[in-house]
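Hello,

Here is the structure we talked about, handed over for your own reading. Please look through it first, then go on to the notes below.

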Amino acid sequence: MINQLQSLGRISIDTCTSIGRSGLFLTQVLFRKPRIRRSFPLLIRELYSVGILSLPIILVAALFIGMVVALQGHNTLAKFGADAQMGQLLALSVVRELGPVVTALLFAGRAGSALTAEIGLMKTTEQLASMEMMAVDPLWRIVAPRFWAGFISMPILALIFNAVAIYGGSWVAIDWLGVTSGTFWSNMQAAVGFRVDIVSGIIKSLVFGLVIIWTAVYQGYDCVPTAEGMSRATTRTVVYASLMVLGLDFILTAMMLGDW
Amino acid sequence: MLANNLSEEFLTVTESLVRIRNLTFYRGNRPIYDNLDLEVQRGKITAVMGPSGTGKTTLLRLIGGQLRPHQGQIEINGRNVPTLKQAELYEIRRNIGMLFQNSGLFTNLTVFENVAFPLREHTRLPEAMIRDLVLMKLQAVGLRGARELMPSELSGGMARRVALARAIALDPQLIMYDEPLTGQDPIAKGVILQLIKRLNDALGLTSILVSHDVAEALSIADYVYIVSDGKVIGEGTPDEIRHNTTSAIQQFIQGLPDGTVPFHYPAKNYAEDLL
């Protein structure tokens, strides 16, 4: 009994310590003296590797998800003679939920894990330590550009996801299943509100982006510098980030559908 | 202003460049150093030797300010490293080069870019001058022709030489070598030893060499500390160390498998364990 209590206490203390350390880490990354002239080229390079290189997986996933939603939606709506509402169903599903959430999950799996592995490997091979000894702060040189690149990329990727998924869905609905084009687009236009739906989706993707990129860079920077430590850190990034995205999605949705 | 003050202080001539007093450092509950005293004379090669796991690398990280001791002073030119703020620490580090055991080369940069890295970060020199400086440093380590190679294309010995060129890029006063000979073939060992000695003498550096390659380290060191169980168990010139009669030092120097450092890890009685 005492041993179990001790274990529980140890786990609680370790968890609190870890949360505190990651909070301090985030503060150190966010509140740095800006060095715009030096930082800008680094940011551009990271925007390419974090954002542009994530595009293919986002585009392909968005296309297929849009097509599947259209197929499933048509199958159900047709039973009630409501297949004219296809555009509305597709747009609201994608813009409010699927866009931000699926993009976030893919982003965590592709860019998040890559960032953790990259920073973790730099730590394991003493690249971060040698940078420190050269009087160059790795938080500024390595972590901050990746953090900001991820934070900027995520909402843009989510918007691209939305557009491509709607395009894929419209292709299935209009060209394949025969829904009238005018009905499809006009219902969609009437149903989707800019503030309620699109801005909500953007806010979600910003929050998800922050959580994913924070988890990814922290896990890489804090990993045990061994092969096993890196492997664990990479797994933790994907698991923690995905679960946090899903949990936060529920909280944000509840807030947005409520009084917000 | 701060930079000027620190640079001036760094140039102040005192006998010891690094002075460690009553250093105590723990990893968890395990003491790594217990009231350690050590001095590094200016312009000399000081070797710090000892069995694996005694914290020799930790000592370099403590001197470089990457770790903070639980107690004691680590002074570089009279400035106590553990009490420095980050900006002051970084200013001091510009005068310190460090060669890591894994070389620590940036794997996404070429040899040239690796050596140019500290120059680009800390100076505003024109690109032509950076190029000349990098080629001079690479020439010093014999790798001018390898400037376009990536770190993955280098052998272990070459990678250390590139890391050495990078470590001396800003012409530091102090250079710290962490196990530079580990895993090297005899030719690479000879090259690295010769470079350490030559650079120290030619550039007027002060070097701290952490190693457990006894013969090689004794061949170039001016002064030697042997560290074990968190304490200095012997010190002196290489000759004094060779002729030291302390059993722990002789065991280490001669590589004897059993002695003060036992062959067997502490365990209960063998017969009891088998029955």
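**What was found**

The contact between the two chains takes ten residues from chain A and 14 residues from chain B. On the side of chain A that touches chain B, five of the residues are nonpolar, three are polar and two are charged. Please keep in mind that this is a predicted model. Its scores are ipTM 0.81 and pTM 0.85.

**Chain A as a whole**

What does the secondary structure of chain A come to? There are nine helices and zero strands, so the pattern along the sequence reads α-α-α-α-α-α-α-α-α. The C-alpha trace of chain A spans about 65 × 55 × 35 Å along its principal axes. Chain A has 260 residues, and 41% of them count as buried. If you take the contacts in chain A with a separation of 6 or more, 86% of them join residues 24 or more positions apart.

**Two helices of chain A**

Helix α8 of chain A covers residues 194-222 and helix α9 of chain A covers residues 227-257. Their axes are 9 Å apart, and the two helices pack at an angle of about 155 degrees. Angles over 145 degrees count as roughly antiparallel, and therefore α8(A) and α9(A) are roughly antiparallel to each other. The crossing in which α8(A) passes α9(A) is right-handed.

Which residues make the contact? From α8(A) they include V207(A), F208(A), V211(A) and I212(A). From α9(A) they include Y240(A), M244(A), V245(A) and L248(A). Taken over both helices, the residues of this contact divide into 13 nonpolar, five polar and three charged.

Most residues other than glycine have a negative phi.

- E126(A) sits in the loop between α4 (86-124) and α5 (127-133) of chain A. Is E126(A) buried or exposed? E126(A) has 21 other C-beta atoms within 10 Å, and because 20 or more are needed for a buried residue, E126(A) is buried.
- D171(B) has 13 other C-beta atoms within 10 Å, so D171(B) counts as partly exposed.

**Chain B**

The mean pLDDT of chain B is 87, and 94% of its residues reach 70 or more. Where is the mean pLDDT lowest and highest among the elements of chain B? The lowest mean, 50, belongs to helix α1 (residues 2-11) of chain B, while helix α4 (residues 111-122) of chain B has the highest, 95.

P186(B) lies in helix α7 (residues 186-203) of chain B. With 9 other C-beta atoms within 10 Å, P186(B) is exposed, because the limit for an exposed residue is 12 or fewer. How many residues separate P186(B) and K231(B) in sequence, and how far apart are they in space? They are 45 residues apart in sequence and 31 Å apart in space, taken from C-alpha to C-alpha.

Regards

Methods:
Residues numbered from 1 in each chain as written. Chains lettered and ligands numbered in written order. Predicted model: local features only at pLDDT ≥ 70, side-chain atom pairs only at ≥ 80, totals over all residues. Axes fitted to C-alpha atoms, helices over the stretch in contact; angles between N-to-C directions. Helix = DSSP H or I, 4+ residues; strand = E, 2+ residues; numbered from the N terminus. Parallel < 35°, antiparallel > 145°, perpendicular 65-115°, else oblique. Left-handed = near helix turned anticlockwise from the far one by under 90°. Contact = placed C-beta atoms within 7 Å. Nonpolar A, V, L, I, M, F, W, Y, C, P; charged D, E, K, R; others polar. pLDDT = per-residue confidence, 0-100.
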